[in-house]
Amino acid sequence: MSKIHAAITAVHGYVPDYILTNQELETLVDTNDEWIVSRTGIKERRILKGEGLGTSDLAVPAVIGLLKKRGIGAEEIDLIIFCTTTPDMPFPATANILANKVGAVNAWGFDLQAACSGFIYGLTTGAQFIESGKHKKVLVIGGDKMSSIVNYQDRATCIIFGDGCGAVLLEPNTEGNGIIDAILKSDGSGAQYLHQKAGGSVKPATHATVDAREHFAYQEGPAVFKFAVTNMADVAHEVMERNHLVGDDIAWLVPHQANKRIIDATANRTGLSADKVIINIERYGNTTNGTIPLCLWEWENKFKKGDNLILAAFGGGFTWGSVYIKWAY
């Protein structure tokens, strides 16, 4: 009997209409376009505007587009894994809110939180349900409304993040295509360098935490960069080495879009030329869980069946990892 792999059979994404440019950021904080581009590679990012709109509202058009592309109804979905750092609310799960909005009446679901590595954690988790034979159609969503936790008075973070969402459908494949291998890692000692100080059970919301602007993303850039630039590159190389792959065997590197210099370091470590590296950070910034699925969505028409893809991510916590996929269509 052929081994069952979990294959991506459809992908779709969504970004909001509003474009926040570096020039507009110059009016908010002490920064400039040249400084931002030279250090991050970001020229603009998308922002979800409108009262009462949350991360699930980014996911709805992504999921509807995916279902239409695949030619299936929402009621056929078995499971929804929503990878996000900015859930609509602490509970219930945004996965369940989304299921209600799109009519996925037969799906159960949960949220997965691993900061910027969430989507590859979610892909690997979803694959287990397909490989076990328990489920036939698993929706893995990566999306964040990062503007909801960004302090636009903090130039260290406000230049980096944007809003966006991507979704993939996992289905069984017996042709040898799909998710072949993954290496996932974490190190909680890194929490001090990248976190949100207040709003959790350790430091619930009070007037004092709001006044101190502690409900926003906090980052010590140099410490995070130093850890990320090494570990994201190393884990991508490790998953390739474990599967006896070299740069020539890889069609595309799909890196988390956090920083252009980290992406370049990962490409160099894996021996991949620039034309094999998917980059859209200049237009969207870091959409956290949204970056990798948005890359897959934008490059989908360039993928060929059987292409080897290496996905790699790094996130706060710290979390990081890499996934090896053989493209299925």
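H244 is exposed, with a relative accessible area of 73%; exposed denotes over 50% relative accessible area, buried under 20% and partly exposed the range in between, computed with a 1.4 Å probe on protein chains only. The model is predicted, so local features need pLDDT of at least 70 and side-chain atom pairs count only at pLDDT 80 or more, while totals for chains, interfaces and linings use all residues. Residues are numbered from 1 along each chain as its sequence is written, and side-chain values use heavy atoms, with hydrogens and water left out.

H244 lies in the loop between α8 and β11 (252–255). Helices (H or I, at least four residues) and strands (E, at least two) are DSSP runs numbered from the N terminus. The phi of H244 is near 55°, a positive value in a residue other than glycine. T288 is also not a glycine and has a positive phi of about 60°. Its place is in the loop between α10 (281–284) and α11 (291–299). T288 is buried, with a relative accessible area of 3%.

Two cis peptide bonds are described next. The bond from F91 to P92 is cis, with omega near 5°. P92 is found in the loop between β4 and α4. A cis peptide bond also joins G317 and F318, with omega of about -15°. F318 is placed in the loop between β12 (308–315) and β13 (319–326).

An open sheet of 5 strands has mixed pairing and the order β1-β7-β6-β4-β5. Two strands pair if DSSP finds at least two bridges between them. β1 (5–14) and β5 stand at the edges, each with a single partner strand, so one side of each has no neighbour in the sheet. Neighbouring strands of this sheet are turned by 20° against each other on average, direction ignored. Strands of a sheet pair through backbone hydrogen bonds, either parallel or antiparallel. β4 and β6 pair in the parallel sense over 5 bridges. The bridge partner of I80 in β6 is L139. Helix α4 packs on the sheet and touches β4, β5 and β6; contact means heavy atoms within 4.5 Å. The direction of α4 makes about 125° with that of β4. Axes are lines fitted to C-alpha atoms, for helices over the stretch in contact, and angles run from 0 to 180 degrees between N-to-C directions.

Helix α4 spans residues 94–102, and its buried residues are T94, A95, I97, L98, A99 and V102. These buried residues pack against α3 (55–70), β4 (79–83), β5 (108–112) and β6 (138–145). Just after α4, G103 takes a positive phi of about 85°.

α3 and α4 pack at an angle of about 50°, with their axes 10 Å apart. That makes α3 oblique to α4; angles under 35 degrees count as roughly parallel, over 145 as roughly antiparallel, 65 to 115 as roughly perpendicular and the rest as oblique. The crossing of α3 and α4 is right-handed. A crossing is right-handed if the near helix is turned clockwise from the far one by less than a right angle, and left-handed if anticlockwise. The contact involves S56, D57, A59, V60, V63 and I64 of α3 and T94, I97, L98, K101 and V102 of α4. The residues of this contact of α3 with α4 divide into 7 nonpolar, 2 polar and 2 charged. Ala, Val, Leu, Ile, Met, Phe, Trp, Tyr, Cys and Pro count as nonpolar, Asp, Glu, Lys and Arg as charged, and the others, Gly among them, as polar.

V60 is found in helix α3. At 17% relative accessibility, V60 counts as buried. V60 touches L98, K101 and V102, not counting residues up to four places away in sequence. V60 and K101 are 41 residues apart in sequence and 7.2 Å apart in space, C-alpha to C-alpha.

The crossing of α8 and α9 is right-handed. On the α8 side, F225, A228, V229, M232, A233, D234, A236, H237 and M240 meet R261, I262, A265, T266, R269 and T270 in α9. By class, the contact of α8 with α9 has 9 nonpolar, 3 polar and 3 charged residues.
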